[in-house]
Each structure stands twice: as structure tokens, then as C-alpha cells.
Amino acid sequence: MPHWMERLDRRWIFLVMGLLVLLPLLFPLALPLVVSPRVQGFHDTVAKIPDGSTVLMSCDYDPGAIPELVPMTQTALRQLFDKNCKVVVTCLWNGGPGLVDNVVRSIAAEKGKQDGVDFVDLGFKEGREAVMVVMGQGIANAFPRDYQGKDTRSLPIMKTVRDYSSFPLLVSISAGYPGTKEWVQQVQARFHITMVAGVTAVSAPEYYPYLQSGQLQGLLGGMAGAAEYEKVRNEKGSATRGMDAQSMAHVFVAFCILAGNWVQWSKRKKEKA
Amino acid sequence: MNLGSDLSIWIAALLTLCIFSFLYRDNPLYKFAEHLFVGVSAGYYIVLNFWTVIIPNMWVPLERAFEGRGVNAARTGAFAVELGDYRIWLAVPGILGVLLFTRLFGRIGWLSRWSLAVIIGVYAGIKTTGFAQGDFVAQVQGSLIPLWTGNIVSSLNAIVLTVGLVTSLLFFFYSREHKGALGMASRIGVYFLMVGFGAGYGYTVMSRVSLLIGRLQFLLEKWLQIG
Amino acid sequence: MKREIPLFITAVVGILMILSFFVPHQAVSVPADFLQQCAIIVVAFGYVLGGANVLKLNADAISKRQSGWIYKIVLVVSLIATVVFGLMDGEGFLNPGKTSKWIYDQLYSPMQATMFSLLAFYIASAAFRAFRIRTVEAGLLAVAALIVMLGRVPLGALATGWMPPAIQLPTIQDWIMEWPQNAAKRAILIGAALGVMATGLRVILGIERSYLSGED
Amino acid sequence: MTRLGLRVFARLAVLLATLATLTGLAAVTSAQTPDDSLDVTAPPAANLGPAAPGPPLGLTWKDVPNDAGRALELDWKPSPDDEPGRPVVDRYYLERSLAPAGPWRIVDSTVAGTTTRVDRTVQRNIDYFYRVTAAGPGGLTPALSVTGPCRASSQWVNETRWSALVFTVLFFGFVLYFIHSAQSGQMPFVRRIPGIDAIEEAIGRATEMGRSVLYVPGILDIDDIQTVAGLVILENVARLTAKYQTPITVPVTYPIPFTIAEEMVKSGYLHAGRPEAYDPNSVRFVSPEQFAYTAAVGGIMLREKPAAHIFMGAFYAESLLLAETGFSTGAIQVAGTANVHQLPFFVVACDYTLIGEELYAASAYLSKEPKLVGGLKGADLMKIVIIAAVLVGCVLETMGINGFTRWMQTQ
């Protein structure tokens with residue numbers, strides 16, 4: 001039993017962890033990704049809606065979730081724009097509106113989409129579930145002005161948008177409360193709108209009950225979900241690039257659990273002896 | 001190596017490094033970044049709430065109400081209340097909001113309890129019914145599933161779910177000692193809970209690592225412009 | 001009077017809110033909606049008060065030259081600057097080109113993400129130093145954690161790719177999430193809901209009044 | 001977890017912020033549009049070319065139930081020319097008027113093939129008239145008849161929520177009954193909770209080793225019920241440490257819990273009959289800032305080397321750091337929290353962990369406070385009801401009877 005392992009300075013562990021994440025980012029291994037059924041479900045559900053329809057996308061997160069949720073937001077927007085779908089974007093997290101706007105605008109620019117016609121960012125509204133309820137009475141009632149302060153009702157994209165019945169699909173990308181759970185409870189359950197979700201890994205376990213009950217048609221969980229989605233779409237985004245590092249880090253944490261227990265165990269054995 | 005010239009990215013990158021320096025040990029750079037973060041986030045929440053709540057939800061409607069109009073311009077009168085259109089009454093939350101500040105002045109601080117009472121009452125009520133519907137009735141309802149589906153695998157899964165739910169609930173049962181059959185059941189319940197916690201642990205690891213990847217990607221791609 | 005009136009307000013407001021969930025009639029739903037609006041607005045004032053409090057505490061610490069006072073100056077200055085720029089920027093304070101947007105993008109956002117990414121390191125060291133498998137329970141937790149961690153990344157799929165699909169790591173991972181994990185999650189959700197409802201009832205009826213504690 | 005930045009706020013802000021975060025509420029202005037104006041593109045003018053579609057028929061209306069008279073549901077039969085693949089009908093326009101003869105305003109439109117719409121722009125107790133018009137490349141054809149008067153009214157009961165009402169009333173009944181019976185002296189039985197024994201054992205060991213006990217009552221303010229539970233348990237822990245003459249250290253985050261913690265420790269020593277042994281230095285106010293607090297507690301663990309660490313209350317990301325540092329000092333650790341995300345870290349690094357509700361149960365068990373015991377017993381009885389409902393429901397579902405499940409579905 002190597003003595004040094006018992007009194008290992010934890011900064012060595014920090015260093016290994018840092019290197020295991022850093023090196024695969026510099027020198028990618030390109031480990032093959034396997035697409036899970038939930039991610040395939042997300043993609044297929046989006047693929048199934050009629051081309052050219054208008055979709056509601058709620059991006060409820062803040063900077064803490066950038067690496068997990070921004071890649072899936074981007075890929076979902078690309079898939080929708082490629083189908084000529086129009087996208088109405090909202091945000092219910094107070095740390096997020098600026099971030100979400102950057103993402104939406106950059107993908108729109110990439111796909112040559114026009115603000116107010118092909119997409120609109122309605123920005124942030126405080127009020128959580130209540131905003132969802134009010135949107136049921138009219139999207140523009142909850143968001144009289146868009147992110148840039150324009151009158152929502154006057155935008156061309158809003159001509160065909162009234163309430164939830166105007167959308168064949170609701171995409172919820174969320175990092176916690178308020179988010180996917182509330183969209184299911186307040187909107188999906190009441191208006192029976194088809195819904196898919198992308199969430200952070202921490203919160204992903206909570207949504208399995210909804211997948212099982214069929215309230216969600218697909219789920220992207222964390223960066224792994226985002227990477228698999230990129231794979232289905234044949235994109236090489238930041239999530240795909242991060243997956244090698246993710247693999248390494250997971251293996252390292254697993255190793256730490258086993259090694260740590262081995263150390264404890266052999267220490268006890270020695271004490272007994 | 002081609003260093004990015006943008007000052008903004010440099011600032012963000014250096015702050016990121018300042019925070020990472022804490023891993024080595026606590027130091028003035030970390031302390032600086034930490035206090036900066038605390039100040040900025042406190043300020044950000046104030047500004048955000050000012051511009052997205054206090055102004056549009058209270059100030060603007062109140063202004064209109066004093067002109068005798070409301071959200072619904074067709075109905076006149078400063079007191080003409082309808083759903084979502086509260087006119088002069090919006091002065092009430094304004095007053096309650098100001099009362100909160102009595103806390104800063106010791107002797108009349110008790111006045112802030114009136115505002116607190118409204119908030120607590122509203123949230124207690126909403127939470128009670130919200131959880132009753134969303135987490136209690138809805139989850140019980142979602143657990144009412146056929147135990148025999150005609151397919152042995154999916155039937156077994158349904159039984160696992162039902163047994164897991166019932167035994168886990170029995171673990172949180174306090175009116176009897178956990179002995180005999182109840183002891184057995186609660187033991188199985190603990191096993192289910194532990195598997196659940198294990199899954200939670202795994203996904204938490206995943207999220208934290210993703211965040212780290214995100215920060216390193218930022219440093220490499222945006223700042224150092226590698227890859 | 002200092003306690004009775006707040007208790008009475010809480011009771012009336014709380015009962016009305018519960019009622020409004022079951023009674024859609026405007027006699028109940030309109031006042032309930034109004035009270036919700038009130039709560040939101042008062043909470044927004046609370047953020048301002050919180051900021052004022054932070055300033056007061058830190059100004060005290062600075063004037064008394066408490067340890068680390070120099071950092072507290074950083075805090076106070078950054079808070080005031082964020083608020084001042086935010087108010088000057090006006091309603092569209094987060095639009096591109098505004099100072100507030102810059103503060104958000106270059107200060108708030110990277111620092112928030114980095115603070116939480118520190119936890120990745122601590123998780124690794126805690127896994128090594130403080131993850132004991134000495135009971136059946138901890139063993140189950142560890143096994144589930146290992147399967148989920150490895151089953152969710154490409155390496156896990158690669159390592160077990162040669163096995164029959166039913167026992168590959170990603171499949172087991174999915175099964176754990178879908179069934180046992182789901183059962184446990186539900187039991188906890190239901191238990192928590194009962195706890196919240198019981199607390200809500202006690203608060204509304206004035207049996208639970210710890211929130212009123214403190215100076216009279 | 002994203003709200004962590006907020007913990008730096010002083011007491012009240014956190015109180016409010018936490019509440020807002022946990023519960024969330026509305027601040028949206030829901031404007032009604034009574035003047036019937038709605039931004040729908042005007043129907044295209046008829047032009048020469050393809051033939052106009054045949055008229056839609058059979059427009060019927062229904063007051064949308066379970067609301068405050070804000071919506072009417074309208075259904076119609078499609079135009080005979082509305083067939084998939086035939087480009088005769090594009091869409092339908094739903095028009096509304098206050099009189100059977102008009103003037104008509106478009107309130108909504110649907111794509112071809114859709115023959116139902118809910119008009120959410122009505123006001124209650126006003127008579128409206130509706131007609132539906134088919135539109136296509138060949139022009140517009142209004143329905144041959146007008147429907148009305150239609151009137152939206154408000155209801156007193158939301159009938160889709162009976163199940164929630166029944167369960168809520170039942171549960172509240174249980175809780176109030178048990179509180180009442182506990183207050184009138186009939187203290188119901190609560191089983192012993194193993195975690196409590198673990199605490200006593202830990203204090204015993206600290207005494208043997210001549211070292212102190214560290215008690216952490218969570219990092220939230222008093223408005224969080226977990227903090228209250230943690231402080232209730234603290235009183236009993238203090239009683240034990242007084243009995244064993246073992247010093248206790250209690251670092252606290254917020255001012256109010258700090259004063260309460262002082263009271264609790266004092267009263268613990270008083271109850272143990274050793275008020276003179278109370279050390280005013282044992283309860284320490286540290287900082288409401290999450291990581292500053294964590295660093296301070298870690299410092300206590302490493303410098304003062306308490307032999308027992310007890311964590312009872314609300315914990316967030318710091319659970320990992322506290323449990324790890326504590327573990328490395330070799331102390332006995334007992335934890336309890338209802339924050340589910342943090343439980344795995346406590347379970348693996350502590351000798352005993354109170355899971356979720358057990359924290360509240362422990363405080364009820366120790367305090368014998370009627371309001372806490374009553375709530376606990378009410379929840380217990382409710383769990384029996386739930387288990388029965390789940391089992392009965394599963395059997396019914398297996399037999400193909402879905403009535404119960406449907407009744408449980410709320411909107």
C-alpha cells in the first residue's frame with residue numbers, strides 16, 4: 001500500500017483533472033458517439049413538424065449552463081431554420097436574456113434569417129409560471145414588446161401567432177426552475193402541445209417521469225445529449241469537441257472512487273493486522 | 001500562438017484565471033475576482049428587477065392610471081379593475097415595497113412585516129396548491145400504470161417502478177418501528193433511494209465537468225485562439 | 001399589533017390564493033391575480049433592499065478597517081457601478097452596445113460559469129478522499145453512479161460495445177434512469193410535496209411563525 | 001444553484017430571493033383586448049380565376065368551462081371543398097359581431113382542415129354572434145347562417161381539479177386533527193430515528209477523545225424550514241454535549257439564526273442542569289456568503305479538530321467541500337438535508353445521513369412540538385392513502401379500467 005496515496009495533497013488530483021480535460025481539447029481523440037433513443041426522439045420530433053410552421057422555443061438558463069445548453073440551442077435552431085420554420089424565442093431566467101439573444105442572432109445570421117420575419121426574440125419576463133399562463137391567453141399579452149423594444153403585435157412573424165395553439169411544437173431548453181418541468185405542467189398538460197426538451201445533466205433525472213408518460217417526446221441531457229444531437233445533425237459543435245474531455249473526466253472520477261476505496265480498505269486491513 | 005487582441009476577452013479570460021487560481025490556494029487575485037463577482041451580480045439583479053418589474057409592472061400602469069387610462073384603454077376610470085389591469089391599486093405594492101425599507105431603521109422595522117406577510121401568504125398559498133397539483137396528484141396519477149402489459153420486460157419494469165415507489169414511500173413512514181414486513185419494505189425502499197442518489201451523483205459530475213470544459217474551451221478558442 | 005396584523009394578512013392572502021386554484025370565478029381570480037402581481041413587485045423591491053443592505057454592511061466593514069476591507073471596496077464599487085450604468089442604459093439595458101451588456105458578457109457571465117466549474121475539481125478530490133463504500137447502501141450508490149457516469153459518455157459505449165446490446169453500459173444507464181431512479185425520484189417528490197403543503201398550511205393558519213422572529 | 005450569487009445579499013434579500021426562486025410568481029400584465037381588434041391580415045380580395053370554396057356549415061359554440069368567463073369554444077363543419085390535396089380552401093376566418101347583422105370583425109383564423117377554435121378575447125356576460133368564412137385562392141365564402149347569441153360565463157368551481165381538492169382537504173384534515181390531538185396531550189407515537197442514535201454516539205466518542213463537537217445548521221436563513229429543523233435538533237445536541245461536558249462549536253451564516261442558535265444552545269445547557277457550563281463563544285456568526293462560510297468552517301475543522309461533525313439543514317454546493325474536509329480529519333460525521341442534489345455527497349462521506357423528510361421527522365421527534373408531530377403524522381397517514389391509491393389504480397389499469405386515472409388528471 002503506497003503510503004503517499006493516503007496523504008496525497010489534493011492539488012495533485014486537481015492537476016490531473018485539469019490536464020485530463022485540457023489535453024483532449026487540444027488533441028482530440030474523436031471517440032465515436034452513440035446516439036441514445038431520447039436524443040433521436042428529440043431530432044425526429046422536430047423533423048416531423050410541417051416545414052415552414054412557427055415554433056415556440058423557451059431558453060430558460062443563465063451563463064452557468066452555457067457549455068451544456070448553448071450547443072443544443074444552436075443545433076435546434078439550425079434544424080428549425082433548415083426546415084424554414086419560424087422561431088419565437090422567450091426567456092424566463094433573469095440571468096439569461098442577453099446570452100440567449102446572442103445565440104439566436106448568431107444562428108439567424110448564419111442561416112440568413114430576418115429578425116421579426118423568420119424569428120423573434122421576445123426577451124425576458126419575470127413571473128415564471130404565470131408568464132406561461134398569460135401566454136396561453138395570447139403570446140403578445142405576456143410579451144407586449146420584444147427584446148429590442150419593438151411592438152410585438154406589429155411584427156410580421158406574429159401575424160400567425162396567437163397563443164399556444166399556433167405552435168405545432170414547443171422546444172424547452174432549461175437549466176432548472178422555471179423550466180421544462182413548469183412548461184410540462186402549465187402548458188403541455190393543459191394545451192396538449194407536442195414538446196421536446198434539452199436540459200442540464202444535473203436536472204435530467206427529474207424529467208424521466210415525463211418521458212415515460214409521453215409528455216416529452218425527446219430529451220437532450222447535458223453536454224452528452226448536445227453532442228449526440230450534433231452527431232444526428234452531422235454538425236461538429238463545441239459539445240462534440242468537449243465529449244472526449246468529458247469521457248476522460250468521468251473515467252478519472254470513477255478511478256478516484258475506486259482508488260480511494262482501495263486506499264481506505266488496505267489501510268483498514270493494515271490496522272487490523 | 002496568436003493572441004486575441006480584444007480587451008474584453010482578455011478581461012474575461014484573466015478573471016477566469018483569477019478564480020481558477022483558488023485551486024492552488026486562496027490568494028488576493030481570487031479574493032478580488034470573488035468580490036467583484038458578488039458586487040456585479042448584486043447590481044445586475046437590482047437593475048434587472050428595476051427595468052423588468054418595477055417599471056413595466058408598476059410604474060407605467062400607475063402613470064397611465066393617473067391619466068384615467070389602463071392597460072385596457074377602452075375602459076376608463078382610475079379604479080376600474082379587471083384581470084391584469086389594476087390601475088391605481090398598483091400603489092398598494094408600491095407602498096408595501098417602500099415599507100420593506102423600514103428594516104434599515106431599527107425602531108419602525110416591524111412595519112416591514114406587513115409586506116413580508118403579503119409575500120409569505122401569496123407564496124404559501126401558491127406553493128401549497130402548486131405542489132398539490134404538480135408534484136403530488138400528478139406524480140401519483142403518473143404512477144397508475146398497468147402492471148401487466150402483455151410483454152414480460154415492460155411488465156417487469158412497471159412492477160419495478162411500482163415496488164420502488166411504494167417501498168420508498170414506506171421508508172419515510174414514522175408511525176411504526178421499521179420491523180418485520182415494514183422493516184423489509186423500507187430496506188428495499190432505501191436501496192431504490194440509493195440507486196436514485198447514485199444516478200444523481202453521476203449526472204452532477206457530468207454537469208460540473210461540462211462547465212469546466214466550457215471554461216477551458218473559452219480560454220483556448222476565444223482567448224488563445226487555438227483550435 | 002406588531003404580530004397580529006401580519007398573521008392576519010398572511011392568513012387572508014394565503015386562503016384566497018388556495019381558493020383561487022379551485023374557484024375560477026372573477027370574484028376570486030381577479031384579487032388573487034392582483035396579489036400575485038403585488039408579491040412580484042414587492043420582491044423586486046426586496047432586491048433593491050438587499051443591495052442597500054450589502055452596501056451598509058460593507059461600508060461599515062470598510063470604515064472599521066476590518067480584515068479584507070480593501071476587497072470590500074471592490075465589492076461596493078462594482079455594485080454601485082453596475083447599478084448606475086444599468087439605470088443610465090435605460091429599459092433596453094441588455095441590448096448590444098450598452099455598458100450593462102458588456103458587464104453581463106465580460107464580467108458576470110464568465111465569473112459565474114467559472115465559480116461553478118471549480119466544483120469539477122472538488123468532485124474529483126472528494127471522490128478519491130471521501131467516497132466510502134462500506135455499506136450495501138453506499139455500494140448501490142457507487143455502482144449506480146459508476147454506471148451512469150460511464151454509460152453517458154462515448155468511452156463507456158466504446159468499452160462495452162462488443163457486449164450484447166441489453167447489457168451495454170448505455171442501455172443499463174438508460175434503464176436505471178427510467179425505472180429505479182424514477183421510482184425513487186417520485187417518492188421523494190411526493191414526500192416533499194406533502195412537506196411543503198403541511199408547512200404552507202401551518203404558515204397560513206399562523207401555527208408556524210418563525211419567519212416573524214427577530215427584533216420586535 | 002444559479003442563485004448562489006445572491007447569497008451574498010443580506011438577510012432580507014435572501015429571504016425574498018429564495019422565496020421567489022422556490023416558488024415563482026407572476027408579474028405579467030395580461031391585457032384583454034375588448035375592442036375586438038386583432039391583427040389578422042385582411043382576407044384577400046376575391047379575384048378571377050379558381051372558383052370560390054363552398055361555405056363551411058354547422059357552427060356551434062360552447063362556453064369554455066372552469067374559467068372566469070373569458071373564452072368561447074367554436075366548432076364547425078368544413079367546407080365541402082376542404083379536402084387534402086385540393087387547393088380550394090386555404091384557411092377559415094372566424095368573425096364576431098355584437099349583432100346578428102354585423103359589422104363583423106375577424107377574431108381568428110385557422111388553416112384548412114382545422115374546424116375548431118377557442119376565442120379568448122371575449123368578455124363575460126356579453127352576447128356575441130359568430131360566423132365562419134372559408135377562404136381560398138378563389139375568394140371568400142361566408143357560412144350561410146350566423147350563430148348566436150353566445151355568452152361566456154364564469155364558474156365557481158374548476159371541475160378538473162376535484163382530485164387535487166379531495167387530496168388537499170383530506171391531507172389538511174389529517175394534519176389539523178393530529179396537531180389538535182397532540183396539543184390536547186395525546187402525543188402520537190413517532191418511531192426512533194437511527195440518525196439520532198448516531199448523533200449521540202458521535203458525541204460520546206468526542207467526549208472519550210476529549211475533543212469538541214461541530215454543529216452546522218445549514219447555510220440558509222431562518223425562512224427556510226430546514227434551518228428551523230436544524231436549530232431544533234441543535235437544542236437537543238447541546239443538551240447532550242452539556243451532559244457529557246463536551247464543548248460544542250456552532251458557526252452560523254445569518255444574524256437571525258445566529259441569535260436563535262445562541263438561545264438553543266443556552267437552553268440546552270439549562271435543561272441539562274449545567275447553565276454555568278455554557279460558553280458564549282460556542283455560537284459564532286461567520287458570514288452569509290456561501291464560500292466564505294465554507295472556508296471558515298473548513299478552518300475550524302482543520303485547526304480545532306472536532307471529533308464529531310453534525311450537518312443539519314439546507315446545503316448547496318458546499319456540501320461536497322464540507323463533507324470532504326471533514327472526512328479527511330477522521331471525525332465521525334452525521335448529516336441531514338432535504339436538498340436532494342446534495343444527498344449523494346453526504347451519504348458517501350458521512351457515517352449517517354438523514355434523508356430528506358427524515359430531517360423534519362428528527363426535529364419533530366426530538367422537540368415533541370405538537371405542530372411538527374402533527375404534520376408528520378398527517379403526512380404518514382397520507383402516505384398510506386397514496387400507497388393504497390397507487391395499488392388500486394395499478395390494478396384498475398391492469399384490468400383496463402381508466403376512470404380513476406382520468407379523475408386524477410388535473411388541468
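1. Gly150(B) counts as exposed, at 54% relative accessibility, because the cut-off for exposed is over 50%. This is a predicted model, and the points below should be read with that in mind. Gly150(B) is placed in the loop between helix H4 (112–142) and helix H5 (152–171) of chain B. Its C-alpha atom is separated by 54 Å from that of Val118(B), and the two residues are 32 residues apart along the chain.

2. A residue at the other end of the accessibility scale is Gln246(A), which is buried with a relative accessible area of 0%. Gln246(A) belongs to helix H11 of chain A. What does Gln246(A) touch, not counting residues up to four places away in sequence? In chain A the partner is Met223(A). In chain B the partners are Met206(B), Val209(B), Ser210(B) and Ile213(B), and in chain C the partner is Val153(C).

3. Next, the charged side chains. Side chains of opposite charge can pair when their charged atoms come close. Over all chains, the count of salt bridges comes to 29. One of them joins the side chains of Asp82(A) and Arg233(A), with 2.8 Å from N to O. Asp82(A) lies in helix H4 (residues 66–82) of chain A and Arg233(A) in the loop between helix H10 (222–232) and helix H11 (238–272) of chain A, so this pair ties together parts that are 151 residues apart in sequence. Asp82(A) itself is partly exposed, its relative accessible area being 43%.

4. Glu137(C) is in helix H5 (residues 136–151) of chain C, and Arg187(B) is in helix H6 (residues 180–223) of chain B. Are these two residues buried or partly exposed? Glu137(C) counts as buried at 15% relative accessibility, whereas Arg187(B) is partly exposed with a relative accessible area of 40%.

5. In chain D, Asp197(D) and Arg192(D) form a salt bridge, and their closest N and O atoms are 2.5 Å apart. Asp197(D) counts as partly exposed at 33% relative accessibility, and Arg192(D) is partly exposed with a relative accessible area of 35%. Elsewhere, salt bridges that share partners join Arg78(A), Asp82(A), Glu110(A), Lys111(A), Arg233(A) and Glu235(A) into one network.

6. Chains B and C meet through 110 residues of chain B and 108 residues of chain C. Between them the two chains bury about 10,400 Å², and 81% of this is on carbon and sulfur atoms. On the chain B side, Phe37(B), Trp51(B) and Arg113(B) lose the most area to chain C, together 7% of what that side buries. How many salt bridges does the rule find across the interface of chain B and chain C? The rule finds 1.

7. Aromatic rings come next. A pair of aromatic rings is described by the distance of the centres and the angle of the planes. Over all chains, the search finds 35 aromatic pairs. The rings of Phe14(A) and Phe121(C) have centres 6.0 Å apart and planes at 75 degrees, so this pair is edge-to-face. It crosses between chains, from helix H2 (residues 10–26) of chain A to helix H4 (residues 99–129) of chain C. Phe14(A) counts as buried at 6% relative accessibility, and Phe121(C) is buried with a relative accessible area of 6%.

8. One aromatic cluster is formed by Phe37(B), Tyr44(B), Tyr45(B), Tyr47(C), Tyr104(C) and Tyr108(C).

9. The charged end of Arg11(A) is over the ring of Tyr24(B), 4.8 Å from its centre. In chain D, Arg96(D) lies over the face of Tyr128(D), at 4.6 Å from the ring centre.

10. Finally, the domains. Chain A is divided into domain 1 (10–29 + 244–272) and domain 2 (37–235), with 37 Å between their centres, taken over C-alpha atoms. For chain D the assignment gives domain 1 (57–150) and domain 2 (188–367), and their C-alpha centres lie 66 Å apart.

Notes: Residues are numbered from 1 along each chain as its sequence is written. Chains are lettered from A and ligands numbered from 1 in the order in which they are written. This is a predicted model: local features need pLDDT of at least 70, side-chain atom pairs count only at pLDDT 80 or more; totals for chains, interfaces and linings use all residues. Side-chain values use heavy atoms; hydrogens and water are left out. A salt bridge is a side-chain nitrogen of Lys or Arg within 4 Å of a carboxyl oxygen of Asp or Glu. Helices (H or I, at least four residues) and strands (E, at least two) are DSSP runs, numbered from the N terminus. Buried means under 20% relative accessible area, exposed over 50%, partly exposed in between (1.4 Å probe, protein chains only). Contact means heavy atoms within 4.5 Å. Domain bounds come from an automatic or database domain assignment. Rings of Phe, Tyr and Trp (its six-membered ring) pair if their centres lie within 6.5 Å; planes under 30 degrees apart count as stacked, over 60 as edge-to-face and the rest as tilted. A charge sits over a ring if NZ of Lys or CZ of Arg is within 6 Å of the ring centre and within 35 degrees of the ring normal. Buried area is the accessible area (1.4 Å probe) that two parts lose on being put together, summed over both.
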